[in-house]
Amino acid sequence: MIIKKMEKMLLVRYSDFLFSNCIEEHKKIIEKNGYCWFGKVGKQKPSKKFCDIVLKNERPMIFLHSAKKCYICDVENIVFEKPDDNAYPEYYNDILYDKGNYPSAYFKIRSCYEIEKAVLSNFIVSSSRNLLPSSLHSSMNSIFLVECNNNIEIRGVDN
């Protein structure tokens, strides 16, 4: 996969604290349906402006980032209401919805590939112009609009 200089993406922080296999469960739904909704838990949600910027790309993508791992995902849509099609892991019902904990945003992802965290050193935060790894270390934000500061190739990810 090639990411071009100046291409913008969202980075979404997630935690596997509530469900340890959360990414694997999303991948199973992608295999079954061709896509899956990834719910962003927490109050912070991406602005409509940021979503529109990302979705206008030739190949819209997001990063899913946790303390342990990072993934890159093809994203087709971003909505702020619970999708009606139930194309999300079953654990959403027990761990989230049954407890009144609804995600603030849902990302319709069509792929999810684990990548080395070192890839993030090629990105800057659009608002501050700081290197992404530094901002991830020092900020409590859970969503960042980022842009690639070099043309890069990520190996092991389908084009």
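For my notes, buried means under 20% relative accessible area, exposed over 50%, and partly exposed in between (1.4 Å probe, protein chains only). I'm working on a predicted model, where local features need pLDDT of at least 70, side-chain atom pairs count only at pLDDT 80 or more, and totals for chains, interfaces and linings use all residues. Residues are numbered from 1 along each chain as its sequence is written, and side-chain values use heavy atoms, with hydrogens and water left out.

**Salt bridges.** I took a salt bridge as a side-chain nitrogen of Lys or Arg within 4 Å of a carboxyl oxygen of Asp or Glu. That rule gave me eight salt bridges.

I looked up Arg59 and found it partly exposed, at 22% relative accessible area. Its salt-bridge partner is Asp74, at 2.5 Å, N to O. Asp74 sits in strand S5 and Arg59 in the loop between helix H2 (48–55) and S4, so the pair ties together parts 15 residues apart in sequence. (Helices are DSSP runs of H or I, at least four residues, and strands are runs of E, at least two, numbered from the N terminus.) Asp74 is buried, at 16%.

Next I checked Lys8 and Glu147, which form a salt bridge at 3.8 Å, N to O. Lys8 is in strand S2 (residues 8–13) and Glu147 in strand S9 (residues 143–148), 139 residues apart. Lys8 is partly exposed at 25% relative accessibility, while Glu147 is buried at 2%.

**Helix H1.** I then listed the buried residues of H1: Cys22, Ile23, His26, Ile29 and Ile30. Exposed Glu31 and Lys32 are on the face turned away from the buried side. Just after H1, Gly34 has a positive phi of about 90 degrees.
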